[in-house]
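Work through the exercises below with the model open. Try each task before reading its solution.

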Amino acid sequence: MTPLARRLAERIRRDGALSIADYMSEALGDPDFGYYRKRDPFGAAGDFVTSPEISQIFGELIGLWCAASWEQMGRPDPVILAELGPGRGTLMADALRAIAVAADFRRALRLHLVETSPMLRQAQATRLAAADPTWHDSIATLPAGPLILVANEFLDALPLHQFVRDPSGWRERRVGLDEDGELAFISNAPDATAMTALIPQALRDAAVGDIFETRPAAASLARALGTALGIHPGIALFIDYGHEASACGDTLQAVRRHRPEPVLAAPGETDLTAHVDFAAFADAAATAGARVWGPVPQGAFLAALGIAERAEQLLRHATAAQIAALESACRRLLDPGEMGTLFKVLALAHPSLSAPAGFAEGAS
Ligand code: SAH
């Protein structure tokens, strides 16, 4: 058992089973043992690789997307440029380098980062010192005003609840203890939560054994942003893996050193994520006042932003090894069998804004 598993087992013995959301929050965010608190999980030597860590092109294109969005918004000065969960700061460092060509935007932007991990804040501070960022624990403290926000693989780490359909209805799936005192999934706890009301009507009659996932933290983020974007000019870009329509399925997964592990095996030492339900996220934002664009597949989005042209520029001065690396990076980002389709891009915008770069008019 990991030290965090022992602590969770004690808590379960004392207070009863945990929701999956509580388990995720503790496993990722516990101040002493949480996965994101103490380590840098990214890259080949870490546990997983994200798009900005695959190639500089990713962050550069997002930077150019931000500059184009700023033009669409009527060049507000100042403008808040915010990132949620910036990791090592790689995406923003590449974005700011690309933004250097848009000097007016670069001067107007004020960089705000939403990050809970002290260790990753440190990495971001080193990487992004020139842009003098301000950090926040949540979006609640972002200043009001014109906003451009980006978030890559942020929503997939937010805690979610799971419900299991049994013959008598839906029950919340929880983390309890088995006879040996080890962490184990249980779904026999009486279903006392009102949250089953969040299960869409069309999925209520799912087959026995089906699992439905719901993520209140994402819904409240969508509502807060939807409200803000209904008032001030602004646009928010979310890139993540997940499904376009709400659906049943157990998508919670743990990863360590690029391999899947059982979800309950090593809390605090494995990354935990689950698919984003883009339909639920979009609905919450639209109800609060934002216009929703997409989701579109990541491959199509990057193609529309000109990834092929940018790669070609880089290839002109590249060595054979660099060419091979760049081609392989583009394949990973774009191929339907890799990140091209499972990863999707969604934008929330002020209702007066026309189609953001990478999204076609009529596609929302
Ligand atoms: N965007 C980066 C990192 C993705 S990993 C990339 O693409 O490489 C998730 C990031 O979100 C990490 O920086 C993690 O510390 C942060 N994070 C996770 N949960 C958070 C929360 N509730 N509030 C703020 N940041 C969070």
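**Exercise 1. List the contacts of leucine 237, leaving out residues up to four places away in sequence.**

Solution. Contact means heavy atoms within 4.5 Å.

Two notes on conventions. The model is predicted, so local features need pLDDT of at least 70 and side-chain atom pairs pLDDT 80 or more, while totals for chains, interfaces and linings use all residues. Residues are numbered from 1 along each chain as its sequence is written, and side-chain values use heavy atoms, without hydrogens or water.

**Exercise 2. Find the residues with the most contacts inside the largest nonpolar core.**

Solution. Start with the terms. A nonpolar core is a set of buried Ala, Val, Leu, Ile, Met, Phe, Trp, Tyr and Cys residues joined through side-chain atoms within 4.5 Å. Buried means under 20% relative accessible area, exposed over 50%, partly exposed in between (1.4 Å probe, protein chains only). The largest core has 51 residues, and Trp65, Ile148, Leu237 and Phe301 have the most contacts inside it. Helix α5 (residues 56-72) gives the largest share of this core, eight residues. A second, separate core has 29 residues, including Leu147 and Leu348.

**Exercise 3. Is strand β10 enclosed or open? Place its partners.**

Solution. Helices (H or I, at least four residues) and strands (E, at least two) are DSSP runs, numbered from the N terminus. In β10 (residues 234-243), 10 of the 10 residues are buried, so the strand is largely enclosed by the rest of the structure. Gly234, Ala236, Phe238, Asp240 and Gly242 point one way. Ile235, Leu237, Ile239, Tyr241 and His243 point the other way.

Now the pairing, which needs at least two DSSP bridges between two strands.

- β5 (residues 147-152) runs parallel to β10, with six bridges; valine 150 partners leucine 237.
- β16 (residues 343-349) runs antiparallel to β10, with seven bridges; leucine 348 stands opposite alanine 236.
- β14 (residues 276-277) runs parallel to β10, with two bridges; valine 276 stands opposite glycine 242.

**Exercise 4. Which classes of residue make up the lining of the largest pocket?**

Solution. Count Ala, Val, Leu, Ile, Met, Phe, Trp, Tyr, Cys and Pro as nonpolar, Asp, Glu, Lys and Arg as charged, and the others, Gly among them, as polar. The lining has 18 nonpolar, 12 polar and nine charged residues. Its largest share, four residues, comes from α2.
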